[in-house]
Amino acid sequence: MIMRDAISKLISLMKDEYVICANGFISRDAFNSKDRPRNFYMLGSMGQASSIGLGFAMVQPGKKVVVFDGDGNLLMNLGVLAMISEIRPKNFVHIVFDNECYNSTGGQPTISSNVDLARAAAGCGIKNTIRIGPDGDITSAFNDCLKKEGPSLILLKVECDPEEKLPRVNIAPTEIAERFRNG
Amino acid sequence: MDAAAFKDKLKDHGYSFFTGVPCSLLGGLIESLGEEYVPSVREDTALGLAAGAYLGGRRSCVLMQNSGLGYSLNVLTSLNMIYDIPVLMIVSFRGLGGKDAPEHLVMGKHCVELMETFKIAHKVCGKDDLDDALKAADKEISSGRPYCIFIKGDTLE
């Protein structure tokens, strides 16, 4: 499965969840699949989708927070896994689309083909950690995590997609923040 | 100023989410915040966390040493400053006047210029300057911008 298809499947399952999308193709895929005010699209600040989601989940414990992250993003801010484990937000589902490359800069390899990020998460003590292969059932894994007490992390192996050419997010960043905040 | 009194002032100004990475100069403030202070692993992660708390309705404050400004710049410039996500940074001023351990001297010499370069409003504070700085910060924070309070060595007791 390529990431675009996985994101499109997941975004169609969202009801009242708040979704923080990491920069690069993750935000673009989510935006082009189904734009919604409760999607926060990051344009820059690579690595920080997880931190933003964690901060939001802490102050809004009654709201479900989903982070769409990538392997490159998570590798840049691996320490956040320790924070998620320590803080233990029950309303937090972290989905890592692991395509083993920096897709939006041309597909250069990350190091996640040799480094198991799901084991890193489990090693940090994140309560529910699930690893799914490219043909696995992401829908049921996600629905299970939504029902469980978090924090949860789903690592989904996806293929790098050299043909990805979706348009950029064309909403002003100030509007992305404002509508998310009022959402 | 007594660190606990400064904490009370921060709360009076509406700050209700505190995170950061410690500095010995900020130890008293962190201690007074107690469990309200969320330890972050890096300064940029702290800014990300604070941004999330802001999106969830809080007024956020990040504590750090000036050595953390380097890590912070990417988040300040490509998150806070383009999405209008405000944050109060309380930054301990190491290396002031060239008198400190060697690792603090270069950042100590240039950290104020750094804020000037990026047009981030800031004030270098001794204990008598904190009230004015918090008032100036109110204006920036209400307009969606970051504000940086540099804390000199003898400012917080």
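What radius of gyration would a compact globule of 183 residues have, and what does chain A have?

1. Starting with that one: a compact globule with 183 residues would come in near 16 Å, and chain A has 15 Å, so the value agrees with the rule. Keep in mind that this is a predicted model. Along the principal axes, the C-alpha atoms of chain A fill a box of roughly 40 × 35 × 30 Å.

2. On to the make-up of chain A, which has 8 helices and 8 strands. Of its 183 residues, 49% count as buried. If you look at contacts with a separation of 6 or more in chain A, 72% of them come from residues 24 or more positions apart.

3. Now the interface: 25 residues of chain A are in contact with 24 residues of chain B. On the chain A side, the elements giving two or more residues are helix H3 (49-59), helix H5 (79-87) and helix H8 (173-182). H3(A) gives the most, with 8 residues. By type, the chain A side divides into 14 nonpolar, 10 polar and 1 charged.

4. Leaving out residues up to four places away in sequence, B:Ile149 touches B:Met89, B:Ile90, B:Val91, B:Lys123, B:Cys125, B:Ala133 and B:Ala137.

Technical notes. Residues are numbered from 1 along each chain as its sequence is written. Chains are lettered from A and ligands numbered from 1 in the order in which they are written. This is a predicted model: local features need pLDDT of at least 70, side-chain atom pairs count only at pLDDT 80 or more; totals for chains, interfaces and linings use all residues. Two residues are in contact if their C-beta atoms, placed from the backbone, lie within 7 Å. Helices (H or I, at least four residues) and strands (E, at least two) are DSSP runs, numbered from the N terminus. Ala, Val, Leu, Ile, Met, Phe, Trp, Tyr, Cys and Pro count as nonpolar, Asp, Glu, Lys and Arg as charged, and the others, Gly among them, as polar. The radius of gyration is taken over C-alpha atoms; the globule rule is 2.2 Å times the number of residues to the power 0.38. A residue is buried if 20 or more other C-beta atoms lie within 10 Å of its own, exposed if 12 or fewer, and partly exposed in between; C-beta atoms are placed from the backbone.
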